[in-house]
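Please keep the sequence and the structure in view while reading.

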Amino acid sequence: MARIVLDRVSKAYPNGHIASRDLELEIADGEFLVLVGPSGCGKSTALRLIAGLETPTSGRVLIGERDVTGLPPQDRDVAMVFQSYALYPHMTVRENLAFGLRIRKMTRDEIDRRVEPVAGILGLASVMDRKPAHLSGGQRQRVALGRALVREPQAFLFDEPLSNLDAKLRIETRAELARLHKRLGATMVYVTHDQEEAMTLGDRVAVLKDGLLQQVAPPMELYRRPVNRFVAGFIGSPAMNFFEGALERSGTGWRFCGRDSSVSLALPAELLPAGEARPDGGTTLGIRPPDVRLDPTGRSSGWPARVSVVEPIGSTQIVHCALDGDDPSALIAVVPAELHLEEDSTVGVEFPPEAIHLFRSEDGARLQARPAE
Amino acid sequence: MRRPVAPRQRGIEIEERRLGWLLVAPALVVIAGIALFPLVWTVWESIHLHDLRMPWRGRPFVGLENYVAIAGDRRFWASMGHTVFFTGTSITLELLLGLFLALAMNRSFRGRGLVRAAVLVPWAIPTVVAALLWRFLFDTEAGIANALLVGAGVLEEPIVWFIRAATAWVPVILADVWKTTPFVALLLLAGLQNIDESLYEAASVDGAGPWWQLRYVTLPLLKPAILVVLIFRTLDAFRVFDLIYVLTGGGPGTATEPIALYTFNVLLQNLQFGYGSALSVIVFLVTFGIAVLYIKGLRVDLTGARGR
Amino acid sequence: MSSRTRPLAVGALGLLVAAIAFPFYWAVVASLTPEATLFRAPSLWPREIIFDHYRALFDERAFWLPIRNSLIVAGLTTIFCVAVGSFAAYAIARLRFRGQSAILGFILAVTMFPQISIVSPLYLMLRALGLINTFPGLILPYMTFAMPLTVWLLVGFFRQLPRDLEEAAFMDGASRWQTFVRVMLPLATPGLATTGILTFIYCWNEFLFALSFTLGPERQTVPVAIALFRGQYQVPWGEILAAAVIATAPVAALVLAFQRRIVQGLTAGAVKG
């Protein structure tokens, strides 16, 4: 197993497209790191740079303590599981698994010694002599995984391996991957566009946008302390509510006044140090739907909102509220199912101060000098 | 400090480039040697006088004299006329028949594979064989064409087809249409099969009849395939040689002589290499011009670089 | 197509197929009919069947010679061009190197050279090398159209192979060459077969070069031999048609057996829709 380092790696294509900008990422030995972001953010490029399928325009890639920047994939001793599995159609499962080992000129015995146990772990023992065309999607995925496992590489790379599976299989396989990681203690780098997958699988999650690394941290830190508006909006579902406005001095503290909405509340002193100068430009206030408090009785100290749609989803409900504009989903809250809310009724909205996030409107950077909790 | 990536460590990309050139090299060498070099030689020859029947005259440089002579050569212009006539007529017929055939074969029915194969055979046989078959069909005495026409009362007595230009063209055109319509039909069929079924279904639901569907759904979507067919067929028809050589020999006299056959006669019968080369160059330029016209003018991407 | 027009279409199709098949039918019938009957009273249905024409082909005209020549020339050209062409096609389809689309464009352009335009220099070149009326003297010129054909067809096939299979092979440690031989080539076998068949057909049918670069029956190919049949008193139609039937048989067999592949090959490169 090995540590992987991306040292100020950039990748620009001849047509001008810049897929990675100055990436600095360190993946610890045995860590499960997830690269996540919207399409085109450069997560697959970063993975391929580690794999050696792309060469960086500048910067270095280190695997173990070796500088592998100029080395082709064959010499890097990493294994990759492709989104499409990329199984060799003209070979049986057994031959697919053994291919990498045969290239390395291992003996028949050595090959069997590795292939058989892996086949057993992955439940492929019964299909060893079949060709990929005669396997189910889930089986193919496991063969792709097995091909990587038999190589006993320094690190495993996954390129959206679950996206071709149906929802149920995806969740099962996700759990299997997590178990596998625990068992092997291997370094794994995993790419996905699904933030839920990222949150459940990663020891740490790296969020990318337009080739730039936004934040890399354990999942809960990303959730609670997103470093900018993009990360805040990307992680968590339903997405965080955002309100544009400005900060006004109010006594010894601050008050947030919404610009297009009626959102207006005093911010506790702990959120921003008193001595801070007022930020120029606007401020964006963010609050996650599960943190929003709705009071149908009208006794709350918050401001009013009109319930437009209630979506019960079992133990909770997703509530869409209009504030004072036309947008029926200006505010989205997730509340317990027991709370009785009627559409078109008026409720009181409260934002608990510990759940508030503040961002600078102009560049999305986080405003709070001290963490929210 | 950012360390630049050392040039020799470029890994996968350099390896690819080197291997790429290595693999292409043999094919390129062959093609360059066997095709490009002779072409250049032909152009070189065309600006010299080189008559193998008169070796004492040597091989003097004559500039564009040969080309000037071509401009005034009546037989040349006649052969160009024949070629254009042949090309235009064949392509029109082949496209119409081919389209019809393709439309008919578009439905899956039992034995479709067999029909496709049967239809493909004329394309696959040597052109000379096809020419001989049709020459035989139109033979004055043994030919079935005369037998049928006389038997049906259309003709009073058998025609000697090959003795007059007007009638000599009939078996020529028929033979070419017979031989190439299948190829056209297959290309169009492939294009037809690329058209989404649901477009026809939507049109029917909207109340469109089969003619309307043909005109507004099928034909527009078939345009790329039709263009490809047009390019290939125009180029092939323009270069026609085998068929006419065997069917009519260019005759009666030179009445059905296409440009390729005229060039051949000048080169290998009259052994006028200089003049013949100039003719060859003209043929090449016209062929190339047609191709460029199609490709640039209609923006057809033959290399398939887009979309793959 | 509605159910009303369907019988019409089927009928017309049947008619067309019959029209296409008719010349063959007639040729076969005529080749089995005595010369005299042929000229006096040609009829659609053979009244008597004789094999004299076929016998004469081999006994008197040594027709097996042109057949042998065609097989050798077409066979060797095909093998060589498919082998070399597959390397070039793989490089063009898969590897990234500067100038690759220019090369493909160039190769395509060569297919547009009219054969007539290069006949004379080729003749002089071959004569200088002493290759007139030899096998290499045909194989070399045949490569002018066979090589671009194989490259073009194979590029189409290689492009259809998924890119990530190669990447998976690299990750498994295979070099470019090993990937090409152990992963790409096996997968391209259908494409190679189809290309081989089409190339063979084109070579078998070629006429102009064979006519120009051979001198006698020892090296003439089937198309040339048939075209030059001469009879003593009149055109020996019986034998010509028998030869035509024989010349057609292998090609027809290939086409009937591999029609699906052939169609795929022709249309894979041509119609991108």
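This is a predicted model: local features need pLDDT of at least 70, side-chain atom pairs count only at pLDDT 80 or more; totals for chains, interfaces and linings use all residues.

In what order do the strands of the open sheet of 5 strands in chain A stand, and is their pairing parallel or antiparallel? The order is β15-β19-β16-β17-β18, and the pairing is antiparallel.

- A:Pro304 has A:Gly348 of β19(A) opposite to it.
- As a general principle, the strands of a sheet pair through backbone hydrogen bonds, and this pairing is either parallel or antiparallel.

**The sheet of 6 strands in chain A**

- Chain A also contains an open sheet of 6 strands, in the order β6-β7-β8-β3-β9-β10, and its pairing is mixed.
- The edge positions belong to β6 (78–81) and β10 (212–217) of chain A. Because each has a single partner strand, one side of each is left without a neighbour in the sheet.
- From one strand to the next, the twist averages 20°.
- Strands β7 (residues 155–159) and β8 (residues 187–192) of chain A pair in the parallel sense over 5 bridges.
- A:Phe158 has A:Tyr190 in β8(A) as its bridge partner.

**A pair of helices in chain A**

- Helix α2 (residues 93–103) and helix α4 (residues 137–150) of chain A pack at an angle of about 30°, and their axes are 8 Å apart.
- An angle under 35 degrees counts as roughly parallel, and α2(A) and α4(A) are therefore roughly parallel to each other.
- The crossing of α2(A) past α4(A) is right-handed.
- On the side of α2(A), the contact involves A:Val93, A:Asn96, A:Leu97, A:Gly100 and A:Leu101. These residues meet A:Val143, A:Gly146, A:Arg147 and A:Val150 of α4(A).
- By class, the residues of this contact between α2(A) and α4(A) comprise 5 nonpolar, 3 polar and 1 charged.

**Contacts of chain C with other chains**

- The contact between chains C and B takes 87 residues from chain C and 84 residues from chain B.
- Helix α12 (residues 237–270) of chain C gives the most to the side of chain C that touches chain B, with 18 residues.
- That side of chain C, where it touches chain B, has 65 nonpolar, 17 polar and 5 charged residues.
- The contact between chains C and A takes 15 residues from chain C and 17 residues from chain A.
- On the side of chain C that touches chain A, α8 (163–171) and α9 (176–205) of chain C each supply at least two residues. Helix α8(C) gives the most to this side, with 6 residues.
- The side of chain C that touches chain A divides into 9 nonpolar, 3 polar and 3 charged residues.

**Domains within chain C**

- Chain C is divided into domain 1 (1–50) and domain 2 (61–269).
- The contact between these domains of chain C takes 6 residues from domain 1 and 6 residues from domain 2.
- On the side of domain 1 that touches domain 2, α1(C) gives the most, with 4 residues.

Methods:
Residues are numbered from 1 along each chain as its sequence is written. Chains are lettered from A and ligands numbered from 1 in the order in which they are written. Axes are lines fitted to C-alpha atoms, for helices over the stretch in contact, and angles run from 0 to 180 degrees between N-to-C directions. Angles under 35 degrees count as roughly parallel, over 145 as roughly antiparallel, 65 to 115 as roughly perpendicular and the rest as oblique. A crossing is left-handed if the near helix is turned anticlockwise from the far one by less than a right angle, and right-handed if clockwise. Two residues are in contact if their C-beta atoms, placed from the backbone, lie within 7 Å. Ala, Val, Leu, Ile, Met, Phe, Trp, Tyr, Cys and Pro count as nonpolar, Asp, Glu, Lys and Arg as charged, and the others, Gly among them, as polar. Two strands pair if DSSP finds at least two bridges between them. Domain bounds come from an automatic or database domain assignment.
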